[in-house]
Amino acid sequence: MIVYDPFWNTLEKKGVSTYALITRYNISSSTISRLKNNKPVTTTTLNDLCRILQCSVSEILQYVDVENQ
C-alpha cells in the first residue's frame with residue numbers, strides 16, 4: 001500500500017502549507033484530500049509536488065506491505 005506520510009513531514013520540513021500548495025501552486029484541494037486519505041494520485045501530481053518541494057519521490061510517498069503484517 002502506498003502511503004503519503006513522508007509528504008506531510010516534507011511539507012513541515014520545507015515550511016510549505018497545504019494552503020500555499022492550493023493558492024500559490026494550484027494543487028487542488030481534492031488532491032490534498034487524496035493525499036490525506038492515502039488515495040492514488042497521478043505521476044504528474046507526484047512530479048509537480050517534487051518540483052514544488054524540490055525533493056525526491058521518496059520524500060512524498062512510501063510503500064508499506066500490509067499483507068505480510
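Here is a short walk through helices, core, rings and charged pairs.

Before you click, note that this is a predicted model, in which local features need pLDDT of at least 70, side-chain atom pairs count only at pLDDT 80 or more, and totals for chains, interfaces and linings use all residues. Residues are numbered from 1 along each chain as its sequence is written, and side-chain values use heavy atoms, with hydrogens and water left out.

**Stop 1: helix H1**

Select residues 5-14, which make up helix H1. Helices here are DSSP runs of H or I with at least four residues, strands are runs of E with at least two, and both are numbered from the N terminus. Colour Pro-6, Phe-7, Thr-10 and Leu-11: they are buried. Buried means under 20% relative accessible area, exposed means over 50%, and partly exposed is in between (1.4 Å probe, protein chains only).

Now look down the axis of H1. The buried residues fall within an arc of 140°, so they line one face of the helix; the arc is taken from the directions from the helix axis to the C-beta atoms. Over on the other side of H1, you'll find Asn-9, Glu-12 and Lys-13 exposed.

What do the buried residues of H1 pack against? Show strand S1 (2-3), helix H2 (18-23), helix H3 (29-36), helix H4 (43-53) and strand S2 (62-63), and you have the partners. Then step past the end of H1 to Gly-15, where phi is positive, near 70°.

**Stop 2: the core**

Next, pick Tyr-4, Phe-7, Leu-21, Leu-49, Leu-53 and Ile-60. Of the 18 residues in the largest nonpolar core, these touch the most other members. H1, H2, H3 and H4 each supply at least two residues of this core, and H4 gives the most, with five. A nonpolar core is a set of buried Ala, Val, Leu, Ile, Met, Phe, Trp, Tyr and Cys residues joined through side-chain atoms within 4.5 Å.

Zoom in on Phe-7, which is buried at a relative accessible area of 0%. Not counting residues up to four places away in sequence, Phe-7 is in contact (heavy atoms within 4.5 Å) with Leu-21, Leu-35, Leu-49, Leu-53, Glu-59 and Ile-60.

**Stop 3: two rings**

A search of the whole structure finds one aromatic pair. Phe-7 and Trp-8 form it, edge-to-face, at 4.7 Å centre to centre with 75° between the planes. Rings of Phe, Tyr and Trp (its six-membered ring) pair if their centres lie within 6.5 Å; planes under 30 degrees apart count as stacked, over 60 as edge-to-face and the rest as tilted.

**Stop 4: charged pairs**

How many salt bridges are there? The count comes to two, taking a side-chain nitrogen of Lys or Arg within 4 Å of a carboxyl oxygen of Asp or Glu.

Select Glu-59 and Lys-13, whose side chains meet at 3.2 Å, N to O. This pair links distant parts of the chain, with Glu-59 in the loop between H4 and S2 and Lys-13 in H1, 46 residues apart. Glu-59 is partly exposed at 22%, while Lys-13 is exposed at 61%.

Then try Asp-48 and Arg-51, which meet at 3.6 Å, N to O. They sit three residues apart in H4, about one helical turn. Asp-48 is partly exposed at 23%, and Arg-51 is exposed at 54%.
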